[in-house]
Each structure stands twice: as C-alpha cells, then as structure tokens.
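Let's walk through this one together, step by step. Have a look at the sequence and the model first.

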Amino acid sequence: MQSERMYAALKGLGKEARLVMLPHEAHAYRARKSLLHVLWEQEQWLDKYLLNDSAEPVKVITEQVAEPTPSQ
C-alpha cells in the first residue's frame, strides 16, 4: 500500500516512476525467479541513471571551513 501511494505521489508530481509488484511476494522476495527479476530491475536502474554517458556530471562544491578559535 505504501509503495502504491509513493508511486501515485511521484506520478502526480510528473516524475518518472516505475512500480513493480511481483506475484505471490510480500515484503521479502523468496522465489528465485523474483530475486533474479529484482536484480535485473536494479541493474536497469543503475544503467539508466548512473552509467548514462549523456548525463551532465554532478558539480561538487566544497568549501573550506575555518577552524574554530578557542575562546579565552
């Protein structure tokens, strides 16, 4: 139920979302076929969002923080 609500909320905001519900499975995946499918889904997500060469690199901003001065 929570997964369905999260999916509906994301879609309602116009976000790309995918909800995969496997038959005969609840909170923990037990069937070998289900486990393999979940691994496949994860690999597809990683390929799409992390290995996409056309994506712009994330800019990392670092700031030097001054050392606190001891109070006297």
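Which backbone nitrogen does the side chain of E25 reach at 3.1 Å? That of A31. The backbone nitrogen of R30 also lies 3.1 Å from a polar atom of the E25 side chain.

Before going on, a word on the ground rules. This is a predicted model, where local features need pLDDT of at least 70 and side-chain atom pairs count only at pLDDT 80 or more, while totals for chains, interfaces and linings use all residues. Residues are numbered from 1 along each chain as its sequence is written, and side-chain values use heavy atoms, with hydrogens and water left out.

So where are we? The chain has 2 helices and 0 strands (DSSP runs, H or I of at least four residues for helices and E of at least two for strands, numbered from the N terminus). E25 sits in the loop between α1 (2-12) and α2 (32-50). Buried residues (under 20% relative accessible area; exposed is over 50%, partly exposed in between, with a 1.4 Å probe and protein chains only) make up 7% of the 72 residues. E25 is buried, and touches R30, A31 and S34, leaving aside residues up to four places away in sequence (contact means heavy atoms within 4.5 Å).

Key: Lys, Arg positive; Asp, Glu negative; His and termini not counted. Salt bridge = Lys/Arg side-chain N within 4 Å of Asp/Glu carboxyl O. Polar contact = N/O pair within 3.5 Å; in protein donor to acceptor, adjacent residues only side chain to side chain.
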